[in-house]
Structure formats: structure tokens, C-alpha cells
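Colleague: Could you take me through this model and tell me what stands behind each label you use?

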Amino acid sequence: MVKVIIDVMLKAEILDPQGQAIANALPRMGFSLSPVSTRQGKRFEFTFDHAPTEVEIAEIKKAAETLLANPVIETFEIRMEH
Amino acid sequence: MRVGVVTFPGTLDDFDAARAVRFAGGESVALWHGDEDLVKVDAVILPGGFSYGDYLRCGAIARFAPVMSSIIEGAKNGLPVLGICNGFQILCESHLLPGALTRNKGLHFYCKDQELEILNNTSLWTKDFKVGEKIVIPLKNGEGSFQCDDKTLAELEDEGRIIARYVGENPNGSRNAIAGISNAAGNVVGIMPHPEHAIDSLTGPSTDGLAFFTSVLKKMVNA
């Protein structure tokens, strides 16, 4: 099985109130972490029973651009896990 | 003068939108998301709600519904289209309007009567307003924060395509307190607050919203 993973994140300049809420919750819960920035995103997984072909990878990219991510506000990265 | 009102799975405000059309003196026509045929309506309203459960992103799935392919094609040829709340989100996802609606600043779902300032009375949906007019209509959304890049924002401002701005505190973090915008041609308008809930003093905070619907009907009489 081969997993194609698409990570979608809000662009850096777009306000991420969910990330802010998480950042605010950390110290309240007693964590001493102090990240400079906390952002929340989405992860999509397509599992194949074969190594995806170039044509399939191109289609995945197109699906990411048109459906999984909104390029107006989001960026995406595609990677594979064997 | 027939105005189509689209129902997607999860649409909530189709009934009120249809009622607003009738109050304004038009005939409302129910359109179904799975049907590409617009039955020759003269204008279309995409009402509020949570189409497809807001899965993925608000409006992202609805944008690919069969009815939307006809609406996108029609809008490019001048069909008047009004998107309210979730309808505004669908218009942005369809790229009929620029930008996107994101989660409210502070993450709260707002439900209140909101004052707006009307800034454009040249779009097909705002002709019956005066520029500078203040109106009060309900605002109810969780993802109503209008976002776009600096270039798009400058275009919207310079071309007078901002239909309305929030008066007072910006309720959701929208850039430049934008509540509604139009496309360059003025036939496609998206607005986050709900004019269709403010057409009758019995059921709304005002009747200020009615002018959106009378505007488009007047256009069709004159056309």
C-alpha cells in the first residue's frame, strides 16, 4: 500500500483563529511550550495498492488545487509514504 | 419576472429568500442542486445555510453541484446572481467573486441585528439603495471573515465593488470591514448578512433588506 498525503495549510498572511485558540489553550493546560506561531491545517490521505503513476500524481495535484485546497487562502504539499 | 432560489442539501434560508422575492413583487421558482436546468429564470439566489454540512470548506462541495455549472455559465453572460451567507461562500468558491470567507476572528458564531453602510448602488441587486444609507439586517455566521490579497482588496475599493461595510465593531475580522461585494459587471453580488430576513416588520428587525430584491426586479422590468 502506498499512501499519498496532502497537507493543506492556511497561507501565512491569513488569520488562523483556530491556531490562536490552540496557542491560548496550551499555557492554560500547564504546557510550558512557547511556539512563535501555532497554525492548524488539514491532512488528506489517498491510499493506493500500487505506486501511483505520473498521470495519477498529476490528477492528485489537480484535485488538490481545485477541491482539497482553496488557493485563494490555502497552500498544499503532496508527499508519499510507503 | 421569475427568480430562482436554489436548495442544496443543508440549505436553510431558501424559504425566506423565496418569500422575500414574493414580497418584492416577483415570482419565486424553486431550483434543485442536482438539476442543471434553470428553467429560464431571470435571476438566481443562492440562500444561506450549511450546504453539504460545510464539509471540507463552506461552499466547496456545493460549487460542484450540477445546478452550479449552469449558474456559473449564466453569471458570466449577465444573469443576476445573489449569494447570501453560505451563498456568498459558494460564489467565492466558484470564483464568480474574488476572495474567500474564513472562520470568524475569535471563533464565535455571531447571530445579531447588524448595522451596515451601503456603498454601491450600481450593482443589479443594490439599485434601490442610496450610497451612504445605513441599514439593519440580521447577521448569523461562523465563517464570515472576508479575506483576499492586497491587490484584490485595492481593486474592490478602487472599482467601487464593495456593496456594504459593517458599521461599528467589525464582527468577524473581515478585511476593511467588508460585508458584501460585487463582480466587475455588477450582476453577481455576495453578502454575508441576511437581507431576506429583514423584509417584513413582523418577522425581522427592519424592512431594509427588501431593496435587494426590488432592485433586481426593477432591472428586469427595465430590461
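Colleague: What makes β1(B), helix α1 (residues 14-23) of chain B and β2(B) a right-handed β-α-β unit?

Modeller: A crossover is right-handed if, with the strands pointing away from the viewer, the path from the first strand over the helix to the second runs clockwise. β1(B), α1(B) and β2(B) make a unit of that hand. Helices (H or I, at least four residues) and strands (E, at least two) are DSSP runs, numbered from the N terminus. Keep in mind that this is a predicted model, in which local features need pLDDT of at least 70, side-chain atom pairs count only at pLDDT 80 or more, and totals for chains, interfaces and linings use all residues. Residues are numbered from 1 along each chain as its sequence is written, while chains are lettered from A and ligands numbered from 1 in the order in which they are written.

Colleague: How do you know that strand β1 (residues 2-7) of chain B and β2(B) pair?

Modeller: Two strands pair if DSSP finds at least two bridges between them. β1(B) and β2(B) have six, in the parallel sense, so they pass by that definition. Arg2(B), for instance, stands opposite Glu27(B) in β2(B).

Colleague: Why are β2 (27-32) and β7 (134-141) of chain B said to stand at the edges?

Modeller: The sheet is open, with nine strands in the order β2-β1-β3-β4-β11-β10-β9-β6-β7 (chain B) and mixed pairing. β2(B) and β7(B) each have a single partner strand, so one side of each is left without a neighbour in the sheet. The twist averages 25° from one strand to the next, where axes are lines fitted to C-alpha atoms (for helices over the stretch in contact) and angles run from 0 to 180 degrees between N-to-C directions.

Colleague: Why does Arg165(B) count as partly exposed?

Modeller: A residue is buried if 20 or more other C-beta atoms lie within 10 Å of its own, exposed if 12 or fewer, and partly exposed in between, with C-beta atoms placed from the backbone. Arg165(B) has 17 such neighbours, so it counts as partly exposed. Arg165(B) lies in strand β9 of chain B, and three bridges join β9(B) (residues 162-166) to β10(B) (residues 178-182), the two running antiparallel.

Colleague: Which residues does Arg165(B) touch, not counting those up to four places away in sequence?

Modeller: They are Leu116(B), Glu117(B), Leu119(B), Ala177(B), Ile178(B) and Ala179(B). Contact here requires C-beta atoms, placed from the backbone, within 7 Å.

Colleague: What makes a nonpolar core, and which residues touch the most other members of the largest one?

Modeller: A nonpolar core is a set of buried Ala, Val, Leu, Ile, Met, Phe, Trp, Tyr and Cys residues joined through C-beta atoms within 7 Å. The largest has 71 residues, and Val44(B) and Val81(B) touch the most other members. Helix α5 (residues 210-222) of chain B gives the most to this core, with six residues. Beyond its neighbours within four places in sequence, Val81(B) is in contact with residues including Val44(B), Leu46(B) and Asn187(B).

Colleague: And chain A: why are β2 (41-48) and β3 (74-81) of chain A at the edges?

Modeller: Three strands form an open antiparallel sheet there, in the order β2-β1-β3 (chain A). β2(A) and β3(A) each have a single partner strand, so one side of each lacks a neighbour in the sheet. Eight bridges join β1(A) (residues 2-10) to β2(A), and the bridge partner of Val4(A) in β2(A) is Phe46(A).

Definitions and conventions. Two residues are in contact if their C-beta atoms, placed from the backbone, lie within 7 Å.
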